[in-house]
Amino acid sequence: MKTPFPSTSEVPVSRRSFLRGAGVLAALPFLETVAPSVVRAGSRVPLKPPVRFGIYTVTGGTVSESWVPQELGNLGKLPSILRTLEPHKEDLVILSNLSQSGQGDGRINAHEHCAYVHLSCADTVGKLNGKPMASQSVDERAAEIVGAQSLIPAVRMGYSGGETSFFFDRQGRSLGVERNPRMAFERMFKGRQLVAPNWSRRLAGGSPEAQPLGSKAYDAQVVDLLLDDARRLQKQLGRSDQGKLNEYLESVFSIEQRVRRLHERIAIEAVDLKDPGPSNPHAPSNLPTDNAAQDQMVRAVSRNPAIHGDYLRVMTDLMVLAFQTDTTRVCSLGLGTDEALFPGVVTVGYEHHAHTLEHHGNAARVEDADPVAREGCRQIHAWYSQFFTDAVAKMRAIDEGGSSLLDNTVLLYTSYMADGGHGTKNYPALLAGGAGGKLKGGRHIAYQKETPFANLYVEVLDLLGDRSGEFGNSKTSKKAAYEGRLPGLV
Amino acid sequence: MPEEVPLTGAVFAAAGENGLRVFSVDGVRWTHQQLDREGMLLNHACIDGGRCLVVGKFGGDSVAWSTTDGISWTQNKLNTQAYAGKFGPVFSADGQFQVIANDDGAIPGVRTSPDGTVWAPRKPLMAERKGLKHDAGLRRFARGNNRLVIIGDYGARLVRQPDRALFEAVLGVPAKETLVDIAFGNGVFVGGGMHGLRMRSEDGFTWTDIVNGEEGEHINAMIWDGRQFVGIGQGATYRSVDGKAWTREPNENAPTNAVFGAGIFVGILWPGKQLISKDGIHWSQVHEFPQHVLALAYGSLHKS
Amino acid sequence: MNLARFIYASLSLLPVVAGAVVPEFQEGFRTIVERYCLECHDEKKQKGGVDLSVVTNGETALDRYHLLRKVAEQVRSGEMPPEDEQALKPEDKQTLLHWIAGTFDTSKSPHPGPPLARQLTRAEYNATLRDLLRINFDAASQAGIPEENVVGGYSNRAGGLVLEPVLMEKFFTAADLALDYLFGDKAAAGPLKTLLVVRPDDSTQPDSALRKVLSVFLPRAFRRPVADEEVNAFARLGVSALTNGDAFEEAVRKAIKPVLVSPHFLLRLESTASATPGTVARVSNAELAVRLSYFLWATMPDEELFIAANNGTLSEPEGFERQVRRMLAHQKAEALNRYFLERWLQLPSIQKALPSQNAFPSYTRSLRDAMERETRMFCEHLRKEDRSILEFIEADYTFVNAELSKHYRIIPPSGKDFAKVNLRPEDHRGGLLGMGSILTMTSHTDRTKPTARGKWILEVLLGTPPPPPPPNAGTFAPKSKDKIEPKSFREKLAQHASNASCVGCHRRVDPLGFALEDFDAVGTWRADAGGQTVDNAGTLPGIGDFKGVEGLRRILQQKQPVIIRNIAAQTLSYALGRDLSYYDEPALDEIVTALAQNEHRFSSLILGVAKSYPFQNRKAE
C-alpha cells in the first residue's frame, strides 16, 4: 500500500535561505557542537538599558492585615510580611484594593478560577475539552511589545509543585513553565558567555562587523527539510490536522528566529567580553550540578523548607541573571506551593502544611478564622518575601552604567489568590523598581474597592511602551474603574 | 553526669521524634538519651512526684512512657483500642498525672494515673462540649489559686474551680484572643497569644489588662520564672511582674517552646535545636539532635 | 420505596418513539421549560449552575448536550422538578424527553465525532522513542519535557496539548540525547546493530546502505508505509555527510535526527487527502494500528501489528480481535492501567495527600506507596485475569503487603511482600471504596472530608460530578446569631450546606461521603470517633436511607447501569482523546450491551471500544 503523502524529491533541500545564521543553531542546547561566531550585517543592537518586567507571584494569597500598610502615601514602617523590604522602601509602590471580577464557567474549581484570571484578567474563564480557557496573560502581552529585542521573548519558571497554569498565549492556549533550575539555566546560557552588556558602548553605537557566512551547515539543512516537508504536508491534511501542523511550523520557525538572535547576540557579547559592563554576572551559587541533583531538589521542595528556600533562591537568581545579561526582558516566577510543609518557618501552633493553614486561617469573616493558622500563613508569606527582598537587593546592586538594574525594572510581587480562602478581592500587589526612571517609589496607593487588577497591567504595559490602553477586562469588567487606569501611579 | 548513673533531683527533660527522650541537669549537656522506633512521636512531657511522664503516638496507638531515674522506662498504651482517641497535653494535679483526650466533636475526657503506669478509665472533663469549637484542640495548662486552667484553639479556655470535679468553658471568647501559652505566678494567671497578645486573670474566667504587641510577634511560651512573667515571642520577649505593666525587648533566635528551671531558660527550635538563655531574650544553641524535639519539662526525679 | 424507579434505566436517551414525529423546538422544549423550569434555571438565578435559557433553538441545543442529558436524566428519574415545585404532567414529561431524544438521535446518520489533531504526549513520546530506537533511555526526563498541562482529564486530551516553541526545543534536545546514547553508549551496541541493517562493504556502496537503513527505519518512525521519495529526502542529509567525509554511522545519525523531530513522528496525522469533505470513512489499516497501539500501549505499533496492518488481517473481524486480545495481554498494556485507569481513579493524587504527622504518625511514605500499589495491582489484576469491571465496586480480595495488612487489620499475606489476599465481610474492604489510597487522597490533613469522598464517588464512579462550589464558597458561611455553635464536623457541614447556594449539591454529595466515615483520614477502620459513635448514616434524594460502607455498596450495586456506562464512556473518551458527546451515544449503547453479554469482563470493554464506530472511522473535513 502506498500512502497519499507526496514525494519530496522535486524540491531541492537547500532552496530557502532565510536561515542566515544557521551555524549557531549548534550553540542552542538542542544541537551538539560549538558555533562559529558569525554575524549578519545590520542587526539591531539594544542601545540602552531597557526596561524589564518581572512577575514574582507566590501561592496562597496573603494575610492582608500584615501586608497592606495602614497609612496612605509615604511608606512608614512596613507591615510584617514586607518587613524585610524595609531598606528598599524607596523602591516600592504598594497598591491596595486591586481585585479580580472574572467569572468562572461552572466547570472549574476555585483554585483553577484564581489561576486563570490571575495574569489574564479575563472576563470569563473555564475549561473546554480538557483545555483551560482564558485570554492572553500579561507576560505574553509584554513579550509582544519588548520581547523582539531580547534573546528569549518571555521566560517562565517555577511551579515546583506542578501548579495550575497562569500563563496563556494570544490564542488562549496555556503555556508551560520551566520548573527545573538547571534546565532553565542551560536553555538561557548554553553556548554563551556570561557577560554584562556594556550599555554605554552599545549606546554609543558600533555594531560588530558582519562576517561572511560559511557553507550551509547541517543544522540548517535539518530545519529546511522539516519546514519544507511540513509545508507541503499541510496541503494534504484536514482542518484540525492543519491547525496542529501550524503549531508545529510556528514552533520550528520561532526556534529559527531564536537562532538568528542568538547568532547576533554571540557576536555582540564577544565585543562586550573585551570591554564588559560594570557588573559581573555569575551562575547562581546553588545551581544543581546535574539532572539528578536538580530532580532531588525539586522533589524535596514540598517536604523540606531549607531546600524549598534553596529552590526559591536559585530561581530568583536566575531571573536576576536573565535580566542582567539581557537574556529576556520579561520573566515570570511562579513560586511557593500549597502542598509544602513549613516546619521551622511556621513557628506557631501544631500544623505546618500550607494548604491546611490557608483553609483554617481564612473564613468568610476573618474573625472566625483560626488566628494561630492565620499567623502560620503570615509567617509563610513573610518567608516568601525574604526571597523577593533578595532579588530586589541584588538588582539594586547591579550597576548598568550609571543606573542600577532595579532602576530599569518593574518587578511585580503578588499572588494568584487574594487570600488563602480563594479570595479575589484586595490582592497583594507591589511594584519594585524604577521602570527606567518613570516610577517613583516609597508610596502606598489605595484605590477604590474592587478596582480591576487589569488596570495595573495596563499601567505596566504602558511603561513598556504599549499604547493600547487596555488589557483583559480593564474596560469591560463590571467593576471597571478609573477608565481602566491607575491614576497617580506613574 | 555519666550515662549509667541514675538521675535524681531537678532535671530538664526533652522528648520528640523517633521516641527521643533525653535529660539535662544544666540545660547544656544532654544525657541519658533513649530512642525508639522510627515514626514514634512523643509530644508531651511532665515531671512530678519524682517521675517523668512522656506521652505520644506510634502507629494507631497513643503511648505513655514513664521513668523515675532516666534509665529504666516503662511503656503503656493509653488507648483501649487502636485508633481510638487523641491524647493531648499532660499535667499533674491532685497528685496524679492527667492526660487530656480530645476528639473532634466529642466531650473532652481525661485519664489519670498515680504513676504513669496504671491508668484509670477515661472520664469526661466537662459536662457538655460547650464553648469549644468542634475541632478545637486543647493545648496548655496552668494551676494556681486552687484552680486549674486549660487553654486551646479558637479562644478555648476551660477552668476547674476549687472543689469541683468538672471543668467549665469560658464562653464568648473571640477567636483572635486565642492563647498559645499560660502561666501562673504572683497570684494571677497570665496568657500570651498572637501579635503580642497578653492578658491576666485571677479566676480564669474574667480576663483583664488585654494588650496587643507588634504585629507578627506571636508569643510561643509564657513562663513564670519566680520573679516575673516572661513571654517569649517571635522577635520579642515581653516581661511583667504582675501581667499589667510590660516591657518589650527584641530577642534573638527565639525558641518555639521553652521552660524555666535552675535559673535558666531552656528552649527548642526546629529542627532538633536545643537553646538556652539566662534572660529569655538572648538565646544560644547548645545542641542539635537529628530528631526534632517536641516537648520540654522541668522537675525533680526520684524524690524518696 | 421502589429504588429501581430512581435508577436511570439507561443513561442513553430514551429511544425515539417509533413512528412518532419529533416535536418542534417550541412545543417540545421551550414551552415546557418555561412552564416548569425557568423560574429557577434562567440566566439570572442559575440554580445549581443550570441555565436552560441558553438553549434557544434546535441548533444551540446540539452544543448543550451535557446539559440536556442531565435534564433528561433528572426529569426521567423524577429528581426534577423538585418535590416542592409544580409536578411535571406525564404528557409534558413524555414530550420533553421525546424532543431531547430526537434532537440527539444520530442512529440514522452516524457521526464519528470531530477529527482531532494529536501530538504525542510526554509518555507516548518517550515510549515511542524507546521502542523505535530499541533503547532503554528516558529521553523526556533528560531533556526536561514537562508533564502535560491538561485540566480535568487524561493527558492525551487532544484539545489540551499545545506544541509550543519551548516544547519543540525540548524535542530537539531529546532527539540529540537519544542519538548520543544510541551511537555512543556501550549499552546501546545491540540496538545500533539492529538499526544498521546493512553496512557498506565491497558489494554495497555507503549511500545505498544508508538508503536501505532508512527504508527500514522510516516506516517504523512514521508508523506507516513510506514512499521511496521520502526515503531519498532524508537520505540526502546522510549522503551529504558522507560526501563531507563523515563515517557511515555518523551519516546515518545525521539522516535520522530530522526524523525524530519531524511532524510525521511527533504528531499523529491521519490523511484525508483523498476523501470528500463531509464523508465518513474507515481509517486505513495503518492508521487503525496506530490508534490501537496508542490506546492500549501508549506507544507505536510493534512488528506484528505492523504486519497485520500491512497484510490486511487487521481489517478482518477475527484478525482485529486477535490483535486486540494479544495486545491487551502484552506487558505493554500496563500503559492502559497507568495512563487511563489510574488517572480515571485520580490515583496520582495520593502522592499529594499529606496526612498530618501529628494526627497520623502511622502514615509513612512506605505505607502511602503500598496504598498506591494496592490500587495499581488491583487494576492490573482486572486486566490480566480479565475480571469483571464490577469488582471495582465489590470484590472479595485485594492486594496487600505486611505493612498495609497491619494498617487494614486484615489477615496478612504469608510473606512480607505484596500478595493477593482473600477478604472476609468483617474486613469491610474489597473494591475501591475500601482502599486506603482512595480514602486518604479524599481526606484533609487532620480529618476526613466527606464532601470530597462524595464528590469522588459522583465524579469517578458515576460520572456525574457535582459542579464546583461557587468561587466565594471556599470557606464556611458566616455564623448567624440564630445558629448554634456546631458540635461536630457533620453539624458544621450541615449548617454550611443549609445555605441556599450550597444545599443543592451538598445534599447530593455529602451523604455518600458520610457513609465512609468508618474509615478515618488514612483509611483505617475506626471503632468510634473519639467517644462518639461514628456517624455513617445518610439519605439521598430519590434513593432513601443507607448506612456505612456496606450500605453504600448496595446503593452502588443498584446504580450499576450508571457505573458501567460511565466506565465505558471513560474508556471511549480516553481511546479517542476527546470529550464525548451525543453522537457517541450509539457507540456507548453497543459497548454496554456487549459488556452485559460478556460478564462485564475487562476485555469486552476494551474490545467494545476498539470496535466502536468513532474508533474505527473518521470524518473528512
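Two residues are in contact if their C-beta atoms, placed from the backbone, lie within 7 Å. The structure is a predicted model, in which local features need pLDDT of at least 70 and side-chain atom pairs count only at pLDDT 80 or more, while totals for chains, interfaces and linings use all residues. Residues are numbered from 1 along each chain as its sequence is written, and chains are lettered from A and ligands numbered from 1 in the order in which they are written.

**View 1. Packing of helices H5 and H6 in chain A.** Helices are DSSP runs of H or I with at least four residues, strands are runs of E with at least two, and both are numbered from the N terminus. H5(A) spans residues 218-234 and H6(A) residues 239-274; their axes lie 10 Å apart at an angle of about 160°. H5(A) is therefore roughly antiparallel to H6(A) (angles over 145 degrees, on a scale from 0 to 180 between N-to-C directions). On the H5(A) side the contact consists of Val223(A), Leu226(A), Leu227(A), Ala230(A), Leu233(A) and Gln234(A), which meet Gln242(A), Leu245(A), Tyr248(A), Leu249(A), Val252(A) and Glu256(A) of H6(A). By class, nine residues of this contact are nonpolar, two polar and one charged (Ala, Val, Leu, Ile, Met, Phe, Trp, Tyr, Cys and Pro count as nonpolar, Asp, Glu, Lys and Arg as charged, and the others, Gly among them, as polar).

View 2. Ala148(A) is 110 residues away from Arg258(A) in sequence, yet their C-alpha atoms are 9.8 Å apart.

**View 3. An open four-stranded sheet in chain B.** The strand order is E8-E9-E10-E11, with antiparallel pairing (strands pair if DSSP finds at least two bridges between them). E8(B), residues 87-93, and E11(B), residues 123-124, are the edge strands; each has a single partner strand, so one side of each lacks a neighbour in the sheet. Five bridges join E8(B) to E9(B), residues 96-101, in the antiparallel sense. Phe91(B) has Gln98(B) in E9(B) as its bridge partner.

**View 4. The contact between chain C and chain A.** Each of the two chains, C and A, contributes 71 residues. On the chain C side, H7(C) (165-184), H10(C) (228-243) and H11(C) (248-260) each supply at least two residues. H7(C) gives the largest share, eight residues. This side of chain C comprises 33 nonpolar, 21 polar and 17 charged residues.

Methods:
Angles under 35 degrees count as roughly parallel, over 145 as roughly antiparallel, 65 to 115 as roughly perpendicular and the rest as oblique.
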